[in-house]
Each structure stands twice: as structure tokens, then as C-alpha cells.
Amino acid sequence: MGDTKPWTVPVDKAYDELSSSPEGLTEEESRKRLDRYGSNELEEEEGISPFKLFLEQFADFLIIILLIAATLSLVLGHQVDFYLIIAIVIGNGIFGFIQDWKAEQSIRALKEMASPDAIVYRDGKKKEIPLEEVVPGDLISLEQGAAIPADGRLVDAQSLKVDESALTGESEPVKKGLAPVEGESDLAERSNFVYKNTNVVRGRGKAIVTSTGMDTEIGKVAQKLQEVEKEKTPFQKEVNKLGKQLGTVLLTLSALIIPISIFLHGTGWLEAFLTAVALAVAAIPEGLPAVVTLALAMGTKKMTRRNALTRRLAAVESLGSVDTICTDKTGTLTENEMTVQRIYTGSGEMDITEEDISEIGQGKTDGEKELLFKTGVLCNDAELQEDDEVMGDPTEAALLKSARKAGFDLTDLNEKNERLREVPFSSDRKMMTTVNQSSEGPVAYTKGAPSVVLDKCDSYRADGQVKPLNPEKKEEFEAKVEEFAGDALRVLGFATRDMERDKIEGMDNSEIEENLTFVGLQGMLDPPRQEVSEAINSCRQAGIRTVMVTGDNALTAKAIGRELGFSGDVLTGKDLDKLSDSDLRSRISEVDIYARVSPSHKLKILNLIKEEEGHVVAMTGDGVNDAPSLKRSDVGISMGIRGTDVAKGASDIVLMDDNFTSIRDAVAEGRTIFDNIRKFVGLLLSGNLAEVLTVFIASLVGLGLPLTAPMLLWVNLLTDGLPAVALGADGKSRGVMDRSPREEGEGVINNYLIFIILGIGISLTTLILFSFNHFLPKVEMARTVVFTELVLIELLEIWPIRKIFGQPIERNNWLYLAIVASIIAQFVVIYSPLNGFFGLVPLGLYPWIVILSAVAIFGASIWIYVKLGQKLFNFSAN
């Protein structure tokens, strides 16, 4: 770009000075510049290296103590214990590394998927490309709600305002223009310039990219704004806190084992020390935080495959508690494939699906219909590209398709009617206006909500004439709107106004949209998605209420709602303005549909629902002004297809297909992730409790040590390793959407899970101590029996824990492979020369009868215990 300060360049010289053109770059030139300037990315701190991540597995305080103990064993001649402890610690380290690395990679993948695209002009055509491929000289298109992909000099600005608070700290949106600015001006004073990672909040424009990546202003301060957040979720914090609390208790118990073993039972101090340390390492669930993170990462990947991209892991917890979904209609409940069905002008109605309209654009029919379609084309920001691919809003695309069907040459029409000025659409105004230079002079073309457009009109067209719009005629148009809407058509009103060229620049936007002449209506059909009705019923069955919140009129919303099973009351935005908060609170539970609402209404509805008995609400949104509602909701859900970058940035989840069914699937996956984490916790803590109680009670009463340090570490490796991770592959439980939402604030460990953990831990401890005492004084045989018994029962207890959450026995092949692999590893240790390292002996028939009997007794007692717990705590996963 040379030494030229781009904001000083006059707009008529901008293309030449900044190495660009009104058609944008060619594909060939853009590739050359990408090679020259590099990717349009902000450099980040390098992620942790695999080697460093592996070393971190051995930085834990207890692992360090264990390594010290192993070293002491070697110094004192206990070489077998040294090699065995080192081998198992390395095995645990590898397992922990795999967990952490997978979680890190999954979160990085989510971040990459969340990166927005950019719209540029290449070879004269609009094209959507990955943000990273934007290069200096690119001509970028800026639309309301878009995140600006790079720094650039504006060459077109239509009522353009940009939120630059992230860069300059300016809280108010900045109005942009085209006039040159002084070279030494501050960032905030460069009114003809836009910056990477700021957002368009109003209007539209075009800019020539002057710098990308780290050469941008935001790059210079190395600020990262577009990223998937890595904050710990509430239940990650809960699990970490639990681990520390357990650690304090278990370290105390482990420390007590040393004097008890030495002074009461004459155990050597090294063996007592090794046992205490190994018990602490095996008993404290130090791997639990990593397992929880991995479960979240694996679960969010599943959600992504179901078209729900999770931007914040904390949203997964809230999903399980959602009891109300406030959803938009267009594109979420409906197909968002608009087709104009009927039109209405002052000279009558026409069903364009049944009649040939191809001559309208040739001027061979009445002028009202021709002007109606013409207005739909000129007051329009969408583009129809090759193979009817739509670039822009589907509603606007439907207007282009209907005009093309009516015989209009869209390219020719736009070229002959140059756009002079624009009043962009906003969800507050519910209308849009462009001023175009026609052969008869400048004309303002307006489209929007029929009621809003009609209120701006004082005349209408009929029979080739402009006539006063009296109250009777206005009511006639309004009645036709209601008729169309009653047939589930989405209706737009159209109007025009002849302008004077010399007065256009000096007029306010509001002045342009005064004294309009009403042209007519176009009614579009956007049918409900076939799968949505079943998804809404599924949500209702799961205790989740669905509320429609739409900008469409009440009749259209009610007609669509009727097809989808909405039976409650309907309120409009005007109703909301009239009713007091207390009146609204009394009706909030009865209203299923809110129509003709603005973003401020959305926020009001959301706050009232949240206040009513503390509901947990998921809210959808796609516009710039939806951002406050998305942030305020418990789970903000933006639209991946039609959503603005601002809305996506404010949301927790992005629906990549804009489909309500994906919301239902996301809730189900969220519940499943939470269930799987609870299974992890139940499995790990119940086994750890049994290990602690077994060693501590046996030492206390003088039975000796049922499990040595290497045995405890081996059990920890087998049972907390592959089987625990394989639980993360568990799919949805039976009836996951048949139970009520989890209460807000309910933690991972509830009273029922505590009951189960205690029951399993105490039952397992009792059986192990009985078996150990039964085979004494043959210490090696007794240890081999309880060692094997502990491994088998901890592996098999996975089934009752899964049953608690309604998981069918036959699912999850990965889990079965993990369990079989662990059992084979246990047999290898018992019946191979490795048994000498652990102090084990091969088992004959009778010991196996005792072991299998203990397993059977445990299984029967736990099934009874589970059923008792369900009754006591009124818990059911089905």
C-alpha cells in the first residue's frame, strides 16, 4: 500500500492509490497477495507443546511424592517396587496426556469453526470467503451486523455506523462517511476508515482493505476478540473444589496409615510410607478435572455434528436446565425458503403461482403490478447468483425471483436505475427505502411491514392514477393483509415517492419516508419445517415450554403456530407497550406467541419469563439488536445462516442450519453430557472410597495391608483409565427427553449420587475385607483374591451406574472393548511372570468361586440399593 495514509486519499482516487478496482481483485491476484501478505489472522500465543503437556502430567504434588518414594525404594534395594511404580506412573502420565491433548485439540477445533466469513468482490462478483483469505486491495462488502474483517478505506457508505468500542473505547456507534481526513488524525477521528474486529451496527457500505492480520490496528495491540472462551464452567469449578476437599481428607487418612502400620502392626517404615503415598495418589481423583473437560469437549463435538456449534462450554450446563425456549419463527420454525404466492394492488389481486405473469415486466399489463415488482427489485440488497444461489436475505431473494418470473431483467433494471441513497432496514423501523435515478427522475422505493408502510402513505396507485388514501381504502388494504396473513403468508407492503434531485442530499431519512404512495402487497409463503412439530412436542414432553417470538404480524404467526401445535394466547408488540409489567406477569404463562415485536420487546419478554419462578431460558436471535437478549438469556442461540456476526459473537451456541430441531437436539446432547459427567464422578469416587476404606480399616484393626502400593496404582490405572474415558462415548440415555429439566443450580453431585457413591463404596469395602480375612494367613493368596475382586467389581459397577441414567446395556462398543482390555490385562498380571512384581500367586478354582460370588453379591445388593435410592430421592432417568 506504500507510504500513503489511506484515510487521506480522496474517494475518487482511492481505487488507484490503494491498488484495487470497483470490481474487486481477480482470483489470481488475490492468491498472489495472500502469498505476499500472509493470512488475515491475529497471531496468538503458541499452544502448549505436546512434550510440555506430557511433562505437566508429572508436576502434581502427589506424583512428585510418589517419584521420591520410588527413588527411596531403589536406594534401599527394593528394585522391583521401583520399576513397577515408575512404570505405572508413566502409564498414568500417558493416559492423562491423551485426555488433555484431546480436550485441547477439541476446543481449538471449536474456535476455528466459530471464525466468521467475509464478503468480498472478486472478478466483479460478490463472494463469501474465509476471513483468513482477505488480502490488501480486496473490496469488502459491509452489511448491518457484520464483523469487519480487516482495516479499510471506505468507498461507499449508506447511513453507516460502526461500533468501535473494542478498539477505541468509544461507547457510541461512530457515523462513517467518505470525505478525506487529515494524516495525523487519531483512530477515532478517521471517519472514512473501518477497523478489523469492529462491527457494523447500522447501514451498509464498501471498503478497500488496506491492511490485514497483525498489520491492522487491532493486530498492533495483539488483542484477540473473536475466540471460543476457555473459562471454566460451573461444574468444572465444582469438581475441582470437590477434588481439593477430598484431597485434604484423604491425605490426612493416608498420613495416619504410617504410624498405624509401623507401631500397631510392625510394618517397615518404607512399606508403610509407600502404601500411604500410593493410597493418596490412587484415592484422590486427580484425573477427574481432565475427564470432565474431555467429556465436555467430546460432547460439544457431538453437538457440532448435530448443527449446534458451542462457543462457550458453560452453556452445556445451562442446556440441561432450560425449561423455556423463546424462538424466532422465520427460518427456525419455518423453511426460510420464501416464494411469493399472491400480490395485491389497487387494481386487484393475483395468484402468481397459477397465472402467467411473464409479460408484466414487458409493460404489457397494468402499471401497478409492474411498479410493485420493480419496487421489490430496486429496494433490495440481495443478489441472485449462478444456479440461483442467494447472496443476502431469503425474503429479498424471493422478491427478486418473483420479478424475474414476471419478465424483468434484474441486471438491466438495476443498471438503469442507479441507487443514489439508502435508508437501511432496521428491526426497530421495520422498513427500508432506497432512492434510485429512474428515466423520469429520482424515485424513492420503500418496502416493509404493511402497517408501517401504510402509516407513511397519503395516496395509492390504481388504474394508472395516484389517488388519495382515505380511511376506507386504508382499511381495505389492511383487510387484505389480514386475509393473506390468515393463510400463513408473510406480507410486505410497497410504496414509492417521486423526488427532486437537488433536495435529496439535504433531506433527513425520516423526510424521505414521508408522503409515500402505496403500490401494493406481496404475500410470501414460508411453510413450517416438517420436522419441527415433532421437535416441539418432544420439548414439551421434556418439560420445556416453547414460545414463538417473531417480527411478523399476529395472523401469520398464529397460522404457523396453529400448524405447529401452539395453542396459547397471542400478544403483539403494541399490546406489550400498553400492558403494565404486573399485567404482563399475570399473563406470561398463558402466551405462546408474541408477534410484531422489536428487539426491545424481546428483552422485556425474556426478563419477565426469567423473573417468573426463576425460569431458565434459551433465546434465539439473528440481528444486531438481538445481542442484549442473547447475552441476558441463560443460553443465547444465534443463527448460523442468517445471523449477523454481532449476534453470533453475543451467543453461546450457533445453529449452523437455523433449525429449531437442532435446538431440541442440543438440549438432548447437553443433558447427555451432564449425565456422562455424573457417571464419571460416580464411578471414580465410589471406587476411590472403597480403596481408602479398605486400606484404612484393615490397617486400623490389624489385618495388615490388603493392597500394596503397586496394586493400588494398577487398580487406578485399569479402572480410571480406558473404561472411564469410554463412558464419554455414551449416547443419549433412554428417555433423556422424557424427564423434567434439571433444577437451576443443581450440581454434579446431588443427594442421590452421594447415596449411590456411599452404597457402592461401603458394599465393596465389606466384600473385600471379608475375602481378605477369609484367605488369611496366606497373605499372597489373600491379596491376589482381593486385588482381582476389586478390579472386577470396579469394572462391572459401570453397569448399575449407567442404569441409573437410563443407559441401555447393549450400547457403547468402546466401553465394552475398554472393559475387556482391562480384564485381559488383569489376567496377564495374575498368570504371567509379572505376578512376581506385584507379589501375587496364580488363582485356582476355589478362589475364583469366592471372587465370582462376591461379584454376584455386589451386583444384587447394588441393584437393590439403586432402586431404594430412586424411591427415597424420587429420582428417575426415564
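I started with the second largest cavity, which has a volume of about 30 Å³. My search found 2 cavities of 30 Å³ or more. A cavity here is a set of points on a 1 Å grid, over the protein atoms alone, where a 1.4 Å probe fits but cannot get out. Volume is the space filled by probe spheres set on the points, with grid points joined across faces, edges and corners.

This is a predicted model: local features need pLDDT of at least 70 and side-chain atom pairs pLDDT 80 or more, while totals for chains, interfaces and linings use all residues. Residues are numbered from 1 along each chain as its sequence is written, and side-chain values use heavy atoms, without hydrogens and water.

Next I looked up the cavity's lining (residues with an atom within 4 Å of a point): Y121, K126, S141, L142, E143, D156, R204 and G205. β3 (139-142) and β7 each give two or more of these residues. Strands are DSSP runs of E, at least two residues, and helices runs of H or I, at least four, numbered from the N terminus.

Then I turned to the second largest pocket (an open set with protein on both sides within 12 Å along at least five of seven lines). I noted about 1,600 Å³ of space there. Its lining has 42 residues, with R204, K206, D381, N414 and R419 nearest the centre. Among the elements supplying at least two lining residues are β7 (199-211) and α13 (394-405).

Last, α13. Its 12 residues should span 16 Å at 1.5 Å a residue, and the end C-alpha atoms are 16 Å apart, so the two agree; the expected span is 1.5 Å times one less than the number of residues.
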